[in-house]
Amino acid sequence: MPNVITANRLTLAYDNGEKEIIRNASFKIKKGDFVFITGPSGSGKSTLLKSFYGQLVPKSGDLMVGGLDMSTISYKKLQKLRTHLGIIFQDYKLINEWTVAKNVILPLIIAGYNLDMQQTQAQRLLKHVKLEDKADMYPRQLSGGEQQRVGVARALSKTPFLILADEPTGNLDEYSSNVIWDLMENAREQLDATVVVVTHRIPTIFNTPYRHLILENGGLHEVR
Amino acid sequence: MKSVKNHILFILPLLAILLGIESFMVFGRVTASFGEDLRQGYTILVVTDQNTTPETLRSVHPRISRVTPLEKETIVEQIARGIPNTTTDEIIQALPQFYTLHLDRYLDTDEIETIRTLLRQLPGVRRVETFGRAHNANYNLYTLIKVSLWIFVGFMVLTSLFLVLKQMEIWQLEHRERMQVMEILGASAMLRSGVLFRIALIDALIAAMVTIGLFAFLRYVWAPKSGITLLVNKADLLFRWQDVAVLGGTVLAIVLISVIVVVRSAGETRQG
């Protein structure tokens with residue numbers, strides 16, 4: 001299987017490079033992998049994920065995502081890469097002025113799909129996350145679990161090759177969390193996508209084979 | 001309700017700017033017309049001996065556009081009714097030559113005084129009458145109108161620009177999150193700013209149409225019935241269709257600059 005993400009002696013830092021948070025990390029994530037990255041608070045889990053979608057530029061070392069060098073990537077190419085990623089956030093990052101359906105199809109709007117295609121996809125995705133009856137509602141009218149389902153549907157809408165999830169169940173109860181994990185397992189299987197999840201805790205019931213990386217003291221160690 | 005309020009908050013300063021600019025153009029035309037009337041009505045009277053020619057007088061200063069000799073015969077005819085022709089001829093012969101000098105634009109008092117001095121230095125010139133006091137009063141009034149207009153329009157535009165800046169801050173708060181989410185998901189700057197552009201363009205269109213409508217109404221409906229001679233005769237001073245281009249260009253520039261500033265300030269800064 002080809003590598004989707006490759007890091008070689010990767011160092012990430014904040015504050016103009018003064019505060020190093022990850023040092024000399026080397027790892028590979030292959031196509032179809034389901035990877036959990038765990039670690040204590042402040043260990044740099046979210047920082048690492050941000051570097052995967054280009055919000056943080058590596059201080060040193062190499063980081064390749066989808067074959068693109070994230071240290072030297074141009075803004076135009078980065079935006080293009082981002083349209084092929086599915087990103088899920090802990091705080092959902094939905095657009096509150098838009099309906100649920102419009103939020104779901106945002107990646108399709110960005111990609112310039114026509115209206116018919118957008119509507120068809122919105123119905124399909126909302127059915128997939130069991131929110132078809134809430135298409136015309138606004139995010140603030142939904143519960144946290146429902147909002148995250150909208151976030152997942154949005155992340156899956158353009159068939160991404162890589163799904164990046166930052167604490168996707170961090171704000172949810174156990175039932176809602178399980179629904180989200182199910183959706184993500186299905187996504188990996190159905191889309192043949194690579195999934196990288198940053199989380200505090202790996203779910204106890206999880207059927208998909210996965211890898212587990214722990215981020216600690218600036219280093220990344222594989223434990224499974 | 002909030003949306004209507006936001007539209008009004010942007011339309012009002014735009015409207016003030018456009019009204020300021022259109023008023024400036026209108027007053028500019030009115031003062032120019034006033035200046036032109038003053039210029040046409042203003043002449044310098046020169047009394048010379050018989051040997052001075054109009055060309056000599058004209059060459060004194062580049063602003064002198066026309067020199068007209070006054071017909072002595074007409075003057076004498078009116079004051080010497082009943083006097084024998086031979087006597088009238090003698091009067092005409094004895095009288096000096098009178099000229100009226102027209103200027104090509106309305107000059108200030110200092111420039112008039114310069115011309116007066118130059119004319120006085122010519123050999124054969126006996127007297128120069130510039131009607132200084134009347135000219136001075138008219139010129140001061142003309143200058144006062146122009147300066148007041150500049151101050152009024154400047155203040156209006158400045159205040160409105162501050163209101164536009166305030167609206168940009170509101171936009172930043174309202175749209176920052178949406179634009180940042182869209183950017184992380186790969187949207188181009190064009191797409192991110194699309195919503196804002198649409199809102200701003202609608203507001204700009206409304207403000208421009210209100211301004212154009214108001215001044216077109218003044219020109220085509222109000223002015224002809226106003227009874228004010230200047231406006232009845234010169235209604236086109238109030239509005240010209242060329243003004244639409246100036247207003248449209250201004251409002252478009254404001255919208256473009258405002259939206260670009262908001263989009264850029266909400267843009268992601270890649271850390272590292």
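In which hand does H7(B) pass H9(B) at their crossing? The model examined here is predicted. In it, H7(B) passes H9(B) in a right-handed crossing. Helix H7 of chain B covers residues 189-226, and helix H9 of chain B covers residues 242-265. Their axes come within 9 Å and cross at roughly 150°. Angles over 145 degrees count as roughly antiparallel, so H7(B) is roughly antiparallel to H9(B).

The contact draws on both helices. From H7(B) come Ala189(B), Arg192(B), Ser193(B), Leu196(B), Phe197(B), Ala200(B), Leu201(B), Ala204(B), Ala207(B), Ala208(B), Thr211(B) and Ile212(B). From H9(B) come Val244(B), Leu247(B), Gly248(B), Val251(B), Leu252(B), Val255(B), Ser258(B), Val259(B), Val262(B) and Val263(B). Sorted by class, the contact of H7(B) with H9(B) has 17 nonpolar, four polar and one charged residues.

Chain B as a whole has nine helices and four strands. From the N terminus on, its elements follow the order α-β-α-β-α-α-β-α-β-α-α-α-α. The radius of gyration of chain B is 30 Å. For 272 residues the globule rule gives 19 Å, so chain B is more spread out than a compact globule. The C-alpha trace of chain B spans about 105 × 50 × 25 Å along its principal axes. Of the 272 residues in chain B, 23% are buried. Contacts in chain B between residues at least 6 apart in sequence were also examined. Of these, 81% join residues at least 24 apart.

Setting aside residues up to four places away in sequence, Leu149(B) touches Phe24(B) and Phe27(B). The C-alpha atoms of Leu149(B) and Val26(B) are separated by 10 Å. Along the chain these two residues are 123 residues apart.

Chain B also meets chain A. Here 13 residues of chain B are in contact with 18 residues of chain A. On the side of chain B that touches chain A, H6(B) supplies the largest share, four residues. That side of chain B divides into six nonpolar, four polar and three charged residues.

Chain A has seven helices and 10 strands. Its radius of gyration is 17 Å. A compact globule with 224 residues would have a value near 17 Å, so chain A agrees with the rule. The C-alpha trace of chain A spans about 50 × 40 × 35 Å along its principal axes. Of the 224 residues in chain A, 43% are buried. Among contacts in chain A with a separation of 6 or more, 70% are accounted for by residues 24 or more positions apart.

A helix pair was also examined in chain A. Helix H6 of chain A covers residues 144-156. H6(A) and H7(A) pack at an angle of about 10°, with their axes 9 Å apart. Angles under 35 degrees count as roughly parallel, so H6(A) is roughly parallel to H7(A). On the H6(A) side the residues are Gly144(A), Gly145(A), Gln148(A), Arg149(A), Val152(A) and Leu156(A). They meet Ser176(A), Val179(A), Ile180(A), Leu183(A), Met184(A), Ala187(A) and Leu191(A) in H7(A). By class, the contact of H6(A) with H7(A) has eight nonpolar, four polar and one charged residues.

Backbone torsions in chain A call for a note on two residues. Arg9(A) is not a glycine, yet has a positive phi of about 50°. Arg9(A) sits in strand S1 of chain A, residues 3-14. With 13 C-beta neighbours inside 10 Å, Arg9(A) counts as partly exposed. Glu167(A) is not a glycine either, and has a positive phi of about 45°. Glu167(A) lies in the loop between strand S7 (162-166) and helix H7 (174-191) of chain A. With 19 other C-beta atoms within 10 Å, Glu167(A) is partly exposed; a residue is buried if 20 or more lie within that distance.

Notes:
Residues numbered from 1 in each chain as written. Chains lettered and ligands numbered in written order. Predicted model: local features only at pLDDT ≥ 70, side-chain atom pairs only at ≥ 80, totals over all residues. Axes fitted to C-alpha atoms, helices over the stretch in contact; angles between N-to-C directions. Helix = DSSP H or I, 4+ residues; strand = E, 2+ residues; numbered from the N terminus. Parallel < 35°, antiparallel > 145°, perpendicular 65-115°, else oblique. Left-handed = near helix turned anticlockwise from the far one by under 90°. Contact = placed C-beta atoms within 7 Å. Nonpolar A, V, L, I, M, F, W, Y, C, P; charged D, E, K, R; others polar. Rg over C-alpha atoms; globule rule 2.2 N^0.38 Å. Buried ≥ 20, exposed ≤ 12 C-beta atoms within 10 Å, placed from the backbone.
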